[in-house]
Amino acid sequence: MSAIKVIEREVLKEKPQGPMGFGQLFTDYMFTMDYKEGKGWHHALIKPYQNIEISPAAQVLHYGQAVFEGMKAYRQGDDIILFRPEENFKRMNLSNARLNIPEVDVAFLLDALQQLVRLEQDWIPAGQGESLYIRPFVIATEPYLGVHAATEYQFMIILSPVGAYYGDDQLMATRIYVEDEYVRAVRGGVGFAKVAGNYAASLAAQTRASELGYHQVLWLDGVEQRYIEEVGSMNIFFVMDGKVVTPELNGSILPGITRKSILQLAAYLGYEVEERRIAIEEVMNAESVSEIFGTGTAAVISPVGSIRYQDREVVINNGATGPVTQHLYDEYTAIQEGRKADPFNWCLKINKR
Ligand SMILES: *Cc1c(COP(=O)(O)O)cnc(C)c1O
């Protein structure tokens, strides 16, 4: 594809002062490109952030052909880095393949993203726990009510400066509710892909859990409703007998990049790590579960203070952040925010020019 055209805006927006929340503010520019059968991906453009126009018959609105990604850019002193961006574009291609969306060019998008973030560098906040959240996504835009894989798509990247996911208290322990009626995903379905519909399917359970006073839903497997899969938008980890344990990827769990990174980091820091099937009774009954935490790009690491399954609630580590969770959080964010060396080469430095 040829060079990316840039349409400049005349007036830039005000940058936020004070707390940013999560995903409510958007920067000055966005990246877009189109796909048409026979022509491939084309018309790559950086343009002012604006509403998009699609036909009311656009296939995404009816049949849900939509995938997304989430990653972050950080300020490290005078430098700007993207955290493992290649992993996200590669995962987008796995999601695309599952929804019959044409593959994207990973190398091209890595360049496009760097160009966009370079242009928007003043939007990357510098405070601890703050970053620029990056949301690439694809939607089917072909206007057609018949059911088939669409022949037209739009790919976009929008940017949002964010603070800590759960507000000021970065490591606030969350209360989780184990869903035992609905399931999120089944093997052979789309659970391993980052598709929009997975979230639509999770909302009724999420709302019920919030009404009962819980922050997140913990999903069990779709067959026996017995084995632990993941939390709303995070993978889940347990500290058991000092070991760092997480459910093994089984085709219905989303393969989180934070999950993979935390497994690597924990092993590097000397913890024994294990990926295996974990039954819910095991967690509810084991004295040996000393900590639980979730992992995901948005919240990074989120300690779990209590877990409710059917009519029982178990409090974990007195409802406070445990030492292993805190250690992993400190080491992981130190790499992302440049306070410590990056032994894994996770941070991709952007040329600020
Ligand atoms: C995105 C996501 C995660 C976390 O993945 P990361 O790559 O670590 O951000 C976990 N579960 C679901 C369902 C997700 O959509």
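**Salt bridges and ligand contacts in a predicted model**

The side chains of Glu181 and Arg208 meet in a salt bridge (3.0 Å, N to O), a term for a side-chain nitrogen of Lys or Arg within 4 Å of a carboxyl oxygen of Asp or Glu. Glu181 lies in the loop between β9 (174-178) and α4 (196-211) and Arg208 in helix α4, so the pair ties together parts that are 27 residues apart in sequence; helices (H or I, at least four residues) and strands (E, at least two) are DSSP runs, numbered from the N terminus. This is a predicted model, in which local features need pLDDT of at least 70 and side-chain atom pairs count only at pLDDT 80 or more, while totals for chains, interfaces and linings use all residues. Residues are numbered from 1 along each chain as its sequence is written, and side-chain values use heavy atoms, without hydrogens and water.

**Salt bridges**
- The count comes to 18 salt bridges.
- Arg91 and Glu69 form one at 2.8 Å, N to O, and both are buried (under 20% relative accessible area; exposed is over 50%, partly exposed in between; 1.4 Å probe, protein chains only).
- Glu331 pairs with Lys340, their closest N and O atoms being 2.8 Å apart; Glu331 is buried at 16% relative accessible area, whereas Lys340 is partly exposed at 43%.
- A network of salt bridges links Lys243, Glu272, Glu274, Arg276 and Glu282.

**Ligand**
- A polar backbone atom of Ile257 is 2.7 Å from a ligand oxygen atom.

Methods:
Polar contact = N/O pair within 3.5 Å; in protein donor to acceptor, adjacent residues only side chain to side chain.
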